[in-house]
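Biologist: I am new to this structure. Please show me how to read its features, one at a time.

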Amino acid sequence: MVEGDMQHSYQCEYGRIMLCPLESQDIEELKILRNKKRKYFLTQDEISADSQREWYERYLQKANDYMFKIVRKGYDSEFIGAIALYDIDNLSKSAEFGRLIIDKDKCKEKGLGTEAVRAISLLGFNELKLSKIHAEVLQDNMAAIISYKRAGYEIIDDSRKDVFLMERVNVKEA
(Lines give C-alpha, C1' and ligand atoms only; values in the text may rest on other atoms or scores of the structure.)
Protein backbone atom coordinates (compact mmCIF):
# COMPACT_ATOMS: atom_id res chain seq x y z
CA MET A 1 0.00 0.00 0.00
CA VAL A 2 1.07 3.56 -0.59
CA GLU A 3 1.91 5.59 2.50
CA GLY A 4 -1.25 7.28 3.71
CA ASP A 5 -3.52 4.51 2.45
CA MET A 6 -6.13 3.13 4.80
CA GLN A 7 -5.99 -0.55 5.56
CA HIS A 8 -9.80 -0.65 5.96
CA SER A 9 -12.78 1.64 5.46
CA TYR A 10 -14.90 0.86 8.54
CA GLN A 11 -16.36 3.73 10.55
CA CYS A 12 -18.60 3.71 13.60
CA GLU A 13 -20.40 6.38 15.60
CA TYR A 14 -21.44 6.06 19.21
CA GLY A 15 -22.51 8.80 21.58
CA ARG A 16 -20.20 11.79 21.20
CA ILE A 17 -17.47 10.05 19.21
CA MET A 18 -16.73 8.53 15.84
CA LEU A 19 -14.17 5.89 14.92
CA CYS A 20 -12.43 6.47 11.57
CA PRO A 21 -9.59 4.55 9.93
CA LEU A 22 -6.15 5.56 11.21
CA GLU A 23 -4.15 7.22 8.45
CA SER A 24 -0.50 8.13 8.02
CA GLN A 25 -1.12 11.78 8.99
CA ASP A 26 -2.35 10.54 12.41
CA ILE A 27 0.68 8.50 13.44
CA GLU A 28 2.79 11.38 14.80
CA GLU A 29 -0.01 12.47 17.14
CA LEU A 30 -0.53 8.85 18.15
CA LYS A 31 3.19 8.47 18.92
CA ILE A 32 3.24 11.62 21.08
CA LEU A 33 0.10 10.56 22.97
CA ARG A 34 1.30 6.97 23.37
CA ASN A 35 4.63 8.14 24.79
CA LYS A 36 2.82 10.38 27.31
CA LYS A 37 0.61 7.50 28.47
CA ARG A 38 2.96 4.53 28.08
CA LYS A 39 2.62 3.33 31.68
CA TYR A 40 -0.87 2.07 30.76
CA PHE A 41 0.35 -0.21 27.95
CA LEU A 42 1.73 -3.74 28.14
CA THR A 43 4.77 -2.53 26.13
CA GLN A 44 6.04 0.59 27.86
CA ASP A 45 9.10 1.50 25.78
CA GLU A 46 9.30 5.01 24.35
CA ILE A 47 8.43 5.10 20.66
CA SER A 48 10.62 6.94 18.14
CA ALA A 49 9.36 8.48 14.90
CA ASP A 50 11.13 5.75 12.93
CA SER A 51 9.69 2.92 15.00
CA GLN A 52 6.19 4.44 14.74
CA ARG A 53 6.51 4.66 10.95
CA GLU A 54 7.77 1.05 10.78
CA TRP A 55 4.87 -0.08 13.00
CA TYR A 56 2.39 1.70 10.70
CA GLU A 57 3.87 0.09 7.59
CA ARG A 58 3.62 -3.37 9.22
CA TYR A 59 0.07 -2.59 10.33
CA LEU A 60 -0.96 -1.78 6.73
CA GLN A 61 0.11 -5.29 5.70
CA LYS A 62 -2.10 -7.05 8.25
CA ALA A 63 -5.51 -8.21 7.11
CA ASN A 64 -6.76 -8.94 10.64
CA ASP A 65 -5.86 -5.65 12.37
CA TYR A 66 -8.11 -2.56 12.19
CA MET A 67 -6.74 0.60 13.80
CA PHE A 68 -8.99 3.60 14.33
CA LYS A 69 -8.53 7.21 15.29
CA ILE A 70 -11.13 8.58 17.66
CA VAL A 71 -12.68 11.95 16.84
CA ARG A 72 -15.48 13.90 18.46
CA LYS A 73 -18.61 14.30 16.36
CA GLY A 74 -18.57 17.73 14.76
CA TYR A 75 -14.76 17.88 14.98
CA ASP A 76 -14.04 15.15 12.45
CA SER A 77 -10.47 16.19 11.74
CA GLU A 78 -9.36 16.50 15.39
CA PHE A 79 -7.51 13.40 16.59
CA ILE A 80 -8.40 12.78 20.25
CA GLY A 81 -7.31 9.17 20.56
CA ALA A 82 -7.10 5.71 19.09
CA ILE A 83 -8.42 2.17 19.49
CA ALA A 84 -7.94 -1.08 17.57
CA LEU A 85 -9.60 -4.38 16.86
CA TYR A 86 -6.96 -6.98 16.04
CA ASP A 87 -6.15 -10.68 15.91
CA ILE A 88 -9.50 -10.96 14.14
CA ASP A 89 -10.23 -14.63 13.61
CA ASN A 90 -13.12 -15.21 11.22
CA LEU A 91 -13.14 -18.94 11.92
CA SER A 92 -13.69 -18.61 15.67
CA LYS A 93 -15.54 -15.28 15.22
CA SER A 94 -13.35 -13.63 17.84
CA ALA A 95 -10.95 -10.70 18.16
CA GLU A 96 -9.07 -8.63 20.69
CA PHE A 97 -9.54 -4.92 21.20
CA GLY A 98 -6.93 -2.63 22.67
CA ARG A 99 -4.48 0.18 22.03
CA LEU A 100 -7.14 2.47 23.51
CA ILE A 101 -5.88 5.90 24.36
CA ILE A 102 -7.70 9.22 24.83
CA ASP A 103 -5.94 12.60 24.90
CA LYS A 104 -7.25 14.11 28.14
CA ASP A 105 -5.43 17.38 27.34
CA LYS A 106 -7.61 17.85 24.23
CA CYS A 107 -10.89 16.74 25.78
CA LYS A 108 -11.73 16.84 29.45
CA GLU A 109 -15.11 15.14 29.00
CA LYS A 110 -15.60 11.93 30.93
CA GLY A 111 -16.83 8.68 29.40
CA LEU A 112 -15.20 8.96 25.97
CA GLY A 113 -13.16 5.80 26.56
CA THR A 114 -16.32 3.84 27.38
CA GLU A 115 -17.97 5.20 24.24
CA ALA A 116 -14.96 4.14 22.16
CA VAL A 117 -15.10 0.62 23.63
CA ARG A 118 -18.84 0.42 22.93
CA ALA A 119 -18.27 1.64 19.37
CA ILE A 120 -15.50 -0.87 18.62
CA SER A 121 -17.63 -3.65 20.14
CA LEU A 122 -20.66 -2.75 18.03
CA LEU A 123 -18.50 -2.63 14.92
CA GLY A 124 -17.05 -6.04 15.75
CA PHE A 125 -20.41 -7.64 16.49
CA ASN A 126 -22.56 -5.95 13.82
CA GLU A 127 -20.17 -5.38 10.91
CA LEU A 128 -17.64 -8.18 11.36
CA LYS A 129 -20.16 -10.67 12.80
CA LEU A 130 -17.91 -11.59 15.74
CA SER A 131 -19.23 -13.70 18.61
CA LYS A 132 -16.81 -12.50 21.27
CA ILE A 133 -14.21 -9.82 21.83
CA HIS A 134 -11.59 -9.82 24.57
CA ALA A 135 -9.01 -7.40 25.95
CA GLU A 136 -5.97 -7.61 28.17
CA VAL A 137 -5.70 -4.82 30.73
CA LEU A 138 -3.14 -4.03 33.39
CA GLN A 139 -4.64 -4.76 36.81
CA ASP A 140 -3.69 -1.32 38.13
CA ASN A 141 -5.36 0.52 35.24
CA MET A 142 -8.62 1.05 37.10
CA ALA A 143 -9.94 3.67 34.66
CA ALA A 144 -9.72 1.16 31.79
CA ILE A 145 -11.25 -1.65 33.85
CA ILE A 146 -14.21 0.56 34.82
CA SER A 147 -14.68 1.70 31.19
CA TYR A 148 -14.55 -1.86 29.90
CA LYS A 149 -17.07 -3.05 32.51
CA ARG A 150 -19.41 -0.17 31.64
CA ALA A 151 -19.16 -1.30 28.01
CA GLY A 152 -20.26 -4.84 28.96
CA TYR A 153 -16.92 -6.61 29.47
CA GLU A 154 -16.29 -8.97 32.37
CA ILE A 155 -13.06 -10.23 33.89
CA ILE A 156 -12.75 -13.86 32.84
CA ASP A 157 -9.17 -14.55 33.94
CA ASP A 158 -7.22 -12.93 36.76
CA SER A 159 -4.55 -15.64 37.09
CA ARG A 160 -1.79 -13.78 35.21
CA LYS A 161 0.55 -11.49 37.10
CA ASP A 162 -0.44 -7.84 36.58
CA VAL A 163 -2.92 -8.49 33.73
CA PHE A 164 -6.65 -9.21 33.61
CA LEU A 165 -8.31 -10.85 30.62
CA MET A 166 -11.73 -9.31 29.98
CA GLU A 167 -14.35 -10.46 27.48
CA ARG A 168 -17.70 -9.51 26.03
CA VAL A 169 -19.90 -12.01 24.23
CA ASN A 170 -22.32 -10.92 21.54
CA VAL A 171 -25.70 -11.41 23.21
CA LYS A 172 -27.36 -11.95 19.82
CA GLU A 173 -25.05 -14.94 19.26
CA ALA A 174 -25.15 -16.39 22.80
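**Helix α4 and its neighbours**

Modeller: Start with packing. The buried residues of α4 contact β5 (94-102), α3 (112-127), β6 (132-138) and β8 (163-169). Contact means heavy atoms within 4.5 Å. Helices (H or I, at least four residues) and strands (E, at least two) are DSSP runs, numbered from the N terminus. This is a predicted model: local features need pLDDT of at least 70, side-chain atom pairs count only at pLDDT 80 or more, and totals for chains, interfaces and linings use all residues. Residues are numbered from 1 along each chain as its sequence is written, and side-chain values use heavy atoms, with hydrogens and water left out.

Biologist: Which are the buried residues of helix α4?

Modeller: Buried means under 20% relative accessible area, exposed over 50%, and partly exposed in between (1.4 Å probe, protein chains only). In α4 (residues 142-150), the buried residues are A144, I145, S147 and Y148. Seen down the axis, they fall within an arc of 165°, so they line one face of the helix. The arc is that of the directions from the helix axis to the C-beta atoms. A143 and R150 are exposed on the other side of α4.

Biologist: Which residues are buried in α2?

Modeller: Q52, Y56, Y59 and L60. Down the axis of α2, the buried residues fall within an arc of 95°, so they line one face of the helix. Their cover includes α1 (27-36) and β3 (65-72).

Biologist: How do I read the length of α2?

Modeller: Compare it with the expected span, 1.5 Å times one less than the number of residues. Helix α2 (residues 49-60) has twelve residues. From first C-alpha to last, α2 reaches 17 Å, close to the 16 Å expected.

Biologist: What does phi tell me?

Modeller: Most residues other than glycine have a negative phi. Look for the exceptions. K93 has a phi near 55°, a positive value in a residue other than glycine. K93 sits in the loop between β4 (81-89) and β5. Its relative accessibility is 35%, so K93 counts as partly exposed. R99 is not a glycine either, yet has a positive phi of about 60°. R99 lies in strand β5. With 25% relative accessibility, R99 counts as partly exposed.

Biologist: How many disulfides does the count come to?

Modeller: A disulfide is a pair of cysteine sulfur atoms within 2.5 Å. By this rule, the count is zero. C12 is in no disulfide; its nearest cysteine sulfur, that of C20, is 10 Å away. C20 is in no disulfide either. C12 counts as buried, at 13% relative accessibility. C20, at 9%, also counts as buried.

Biologist: Now the whole protein. What pattern does it follow along the sequence?

Modeller: There are four helices and eight strands. The pattern is β-β-α-α-β-β-β-α-β-α-β-β.

Biologist: What share of the residues is buried?

Modeller: Buried residues make up 47% of the 174. Now look at sequence separation. Among contacts with a separation of 6 or more, 59% come from residues 24 or more positions apart.
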